[in-house]
Amino acid sequence: MIGWEDMNIRALRLFVEIMDRLTLSRASEKLNISQPAASRLIRLLEEELGEPLFTRERKRLHPTPEAEALMPEAVRILQSIDNLPAVLAQSRRKEIAPLRVLCLPRIVDGLVLPVLARVHQEEQTRRFNVDVCPRREFGRRLLYGGYDVGVSSLPIPVEGLETRRLARAVLQVMVPRKNPLADRENLTIADLRTEQYIALNRHSAIRTAVDAALLRDGHGLEVTHEVSTSDVAYWFVRNGMGFTFADPASVTSEIRRDVALVPCNLDVGFEIAFFLPKAEKTHECLEPFMSQLVELSRSRYQDTGCG
């Protein structure tokens, strides 16, 4: 067993940065140390562990299986060290630690924030820490980042998380309120071909689901605008710049004043779920949060025909 108390914390921080960035130059720049010094730190860490952590190819570092195994423990150690001042301060003030929630940008407004409002209304001494991150970072940050719960769409390609499904979200077409298509009861892909298509980028769950459904049904849509978040896509639609596919439960009442959501014959959807990292002790506020999350998600998706 490694004596972590003897481990060089700076080397451990460098190791985590390299795992995230996979280049020594970027990692050393982030920690404000020279590349030669960074190389020595990693070499010393490997010597102390007795295992190689990286292979080198074309100026990029590739983690070994030993490095992948070390990563969760390294992050846990560093978080424990970094959290000590806050933990001690909370103890002195006899404060309750906040519930730490990780979620996607698209889900935060329509689902997570209303749930937190309900939980806070039940007991106003409850505290929350909400972190919104892109889907491509979600799995690793939830597993290694010290969160109590995460809310996202499936799948999440990370092991070690307990997954509980909430609902299936069926996408609808969002068009400007003044667009003639807004009065239709149902739309086909043929109806959309003359409209400008505002697509999310290929990293998003919605884009992946839409592309798969289009391919399955033998359709195609030419992308006019490509954006990174649903918020930007909704802004484009509100300003008459085209249509997009939207998760109805994620659309706030403010946005709904300027747009219409119309069912489409393209059957496209995905599962919404929440995820729990392995933990020795769960947060006292986790159960109320999960209960309200299940109740609200069922209500929202049933209301929009997505249940």
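Visitor: Does D148 count as buried or exposed, and at what relative accessibility?

Guide: D148 counts as buried, at 12% relative accessibility, where buried means under 20% relative accessible area, exposed means over 50%, and partly exposed lies in between (1.4 Å probe, protein chains only). This is a predicted model, in which local features need pLDDT of at least 70 and side-chain atom pairs count only at pLDDT 80 or more, while totals for chains, interfaces and linings use all residues. Residues are numbered from 1 along each chain as its sequence is written, and side-chain values use heavy atoms, with hydrogens and water left out.

Visitor: Which side chain meets D148 in a salt bridge?

Guide: Side chains of opposite charge can pair when their charged atoms come close. A salt bridge here is a side-chain nitrogen of Lys or Arg within 4 Å of a carboxyl oxygen of Asp or Glu. D148 meets R100 in this way, at 2.9 Å from N to O. D148 lies in the loop between α6 (135-144) and β5 (149-153) and R100 in strand β3 (residues 99-103), so the pair ties together parts that are 48 residues apart in sequence; helices (H or I, at least four residues) and strands (E, at least two) are DSSP runs, numbered from the N terminus. R100 is partly exposed, at 30% relative accessibility.

Visitor: How many salt bridges does this rule count?

Guide: The count comes to 12. Among them, E122 pairs with R126, with the closest N and O atoms 3.2 Å apart; E122 is partly exposed at 47%, as R126 is at 22%.

Visitor: Which residues are linked in a network of salt bridges?

Guide: The network links R202, R207, D211 and E226.
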